[in-house]
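Try each task before you read its solution.

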There are 2 protein chains.
Amino acid sequence: MARIVLKFGGTSVADIERIRTVARIVQREVADGHEVAVVVSAMAGVTNQLASWTTEISRMHDAREYDAVVTSGEQVTSGLLALALQDFGIEARSWLAWQLPFRTDGVHGNARIDAIATDGIGERLTRGQVAVVAGFQGLGPDNRLTTLGRGGSDTSAVALAAALAADRCDIYTDVDGVYTCDPRIVTGARKIDRITYEEMLELASQGARVLHPRSVALAMRYAVRLQVLSSFSSAPGTLVVGEEEIMEQQSVTGIAYSPDEAKITLRAVRDRPGVAGTIFGALADAAINVDMIVQNVSEDGETTDLTFTVSRSDLDRAVPVLKRLTDEIGFTDVLADASVAKISVVGVGMRSQPGVAKIMFQTLADRGINIEVISTSEIKVSVLIADDYTELALRALHTAYGLDMAS
Amino acid sequence: MARIVLKFGGTSVADIERIRTVARIVQREVADGHEVAVVVSAMAGVTNQLASWTTEISRMHDAREYDAVVTSGEQVTSGLLALALQDFGIEARSWLAWQLPFRTDGVHGNARIDAIATDGIGERLTRGQVAVVAGFQGLGPDNRLTTLGRGGSDTSAVALAAALAADRCDIYTDVDGVYTCDPRIVTGARKIDRITYEEMLELASQGARVLHPRSVALAMRYAVRLQVLSSFSSAPGTLVVGEEEIMEQQSVTGIAYSPDEAKITLRAVRDRPGVAGTIFGALADAAINVDMIVQNVSEDGETTDLTFTVSRSDLDRAVPVLKRLTDEIGFTDVLADASVAKISVVGVGMRSQPGVAKIMFQTLADRGINIEVISTSEIKVSVLIADDYTELALRALHTAYGLDMAS
């Protein structure tokens, strides 16, 4: 007997028939004797529809009203899944954020979780009642509904699993696990059986879309055993666990890519202390995240080129922010390039196995792919390349690191 | 300066453009210096869609989950209308039942209102903030959402107006007031400027669909000045007020009809004490409402015919209930007739002006329309006729009582 939290995303609860399929999955876990809490997203498309109404009706929308509107989506699916379970003879009830309560801070639209009260829900789980919890939503200090931002329902599920001291948190989605690379691009990509939190966090942060980095970070912090699997197939999924649970570390576990990148180069920046702080401070004030940063060695001792990346969607806002600094900082030009992609190889094994970066640079060079920016962490090497080369680079690297499926 | 409650039904908030129109109506009231609370229904069609999902997923649905699902509709419109008002520069916020709280009993799907806490909302109204309250929903003693049953949003609005001691409660709908008769049938029907609670209650109970009887009864009890008007036109509506506010009483104020009737006759019932109690007790146990009842004088002193009406939708359930009583009560036959309609003439003036019933019977007789059952109250005469004659009867009576518009 275990206590488990299952989470089902929008495509898994897209219509009544899919909700019944989900109920059957829950039924199996109940039949196995487990205590089951389920976290659900809104039916596929519903959140987008609701969100688009809020922007249609008011361009500068009040995030508190946005939250009141969009949280209705998860409310509907939680009630419907509870009904589907009851129809299968399983005792079940829906839980809304304000009923638990699932407390967050007051940052509407992107709230952080403060505390989850589990007395009521825990007592009912013990009695064998399935709890169906509306994901993505919380109760703010103003007694109004909040939402957790992107990937919110995954975060709800992991946080609930931590609060309930669950033995496992299964994230059901429309893919059957985490792959060594995007299988739509690399046909030889393999499903990963087990991956560490750190690797999953890097892959998710570098563009792999299967889990949101925030939910992975939360799972790591509270040691919640995560499993990613599909509600559309019964294939085993990917377990996300602590490093101690994985015997043999590969040097590279997976390869991620992000097409949502843009490169900015400031030419001939005056090379003196405080310049970088001014530039990145101005971008931060405009809520623009900067990712990779390279500052060339100053050739003449007076000026240098500064290159960094931002989200492609932020590029149009970033350029005028920078141009306003021209007089203060002194640079000759702002060059913007939206035709770049970031490729990242990730693996905890690279800590003990040197040479991972070298293989990457050599493999790309052999294909004539120019590396524009490099950034590394302990378990990751990322490079920025022209985005036309994305698929070629991914396939070449996947083979070079020995990740291809045995055919 | 007055404090007013406005209520908008589903067709009035059917889409974003309609919600903007509603916001303009609210804006006018705010510009006039009033404190405004608004009660909204779900967008037209939404409640039906949500309700049909609950029945599709589980035939014996849990009313608590039904309530959790369907209340999401009003949640969406309350948030959207608050946004639309903000976009017009009006301070506004949405209120959900659990936030007020708007407390009801625990009869999910058809809850009765217990108490409405108005401290928070009242304080903000005084400060000039518009309150947009989700109609139809309440908070039950189990800390779960309830719904108020049919006509629930009208009831929400009237109850809120009573709790807030509002000067007026305007019910916006898709018709511009209460008419002397259904204008789709009687082309000469006139809009009524003022009508008493009692008359409105009788008309609503006898088939006029513009207001639900429950909301009228509540308005009468708490002396809430009701106004029925259209969000689609700026024509003045109908005021529903106390009798003392209407100087001249017409003998007949309006004529209602109900096509949803069925007649049952039990032939040769043994005429002895307790028989009627047994019959109507059995129907009540099956949750079947009986409306008009006629028992003929016993001809032979031993048996009599008993005739009564039920909702047409209950007829198929009523007949077997009655047949099971054959041995106990002793009657020779159960005759069922679903092809009947009830026509009712209503007016407080008939208390002081005799002859109203006589005009009705004479007018119908002149047209060759047979009256099958008659029932009366102090301010109403209802007759049951063959439903083929409905339109003919309504037009003839409308003329006979002098209600036709001057052409």
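**Exercise 1: A covered strand**

Task: In this predicted model, work out how many of the six residues of strand β9 (residues 168-173) of chain B are buried.

Solution: Go along β9(B) and check each residue against the cut-off, which is under 20% relative accessible area. Five of the six pass, so the strand is mostly covered.

**Exercise 2: Who sits beside β9(B)?**

Task: Find which strands pair with β9(B), in which sense, and over how many bridges.

Solution: Start with strand β1 (residues 3-8) of chain B. Its pairing with β9(B) is parallel and has five bridges.

Now turn to strand β11 (residues 226-230) of chain B. It also runs parallel to β9(B), and five bridges join the two. Here you can look at C169(B), which has L226(B) of β11(B) opposite.

**Exercise 3: The whole sheet**

Solution: Step one is the order.

β3(B) runs parallel to strand β6 (residues 130-134) of chain B, with four bridges between them. One pair to pick out is S94(B) and its bridge partner in β6(B), V132(B).

**Exercise 4: Relating the two chains**

Task: Find what rotation superposes chain A on chain B, and which residue of chain A comes closest to the axis.

Solution: Superpose the chains. You get a rotation of 180° with 0.0 Å of shift along its axis, at an RMSD of 0.1 Å. The two copies are therefore related as by a two-fold rotation axis.

Next, look along that axis. The residue of chain A that comes closest is S72(A), with its C-alpha at 2.6 Å. Both copies use the same surface: 100% of the contact residues of chain A recur in chain B.

**Exercise 5: Confidence check**

Task: Look up what the scores say about chain A and about the model.

Solution: Chain A has an average pLDDT of 93, and 100% of its residues score at least 70. For the model, ipTM is 0.86 and pTM is 0.89.

Notes
Residues numbered from 1 in each chain as written. Chains lettered and ligands numbered in written order. Predicted model: local features only at pLDDT ≥ 70, side-chain atom pairs only at ≥ 80, totals over all residues. Heavy atoms only, no water. pLDDT = per-residue confidence, 0-100. Buried < 20%, exposed > 50% of the residue type's maximum accessible area, 1.4 Å probe, protein only. Pairing = 2+ DSSP bridges. Least-squares fit on C-alpha atoms with pLDDT ≥ 70 in both. Contact = heavy atoms within 4.5 Å.
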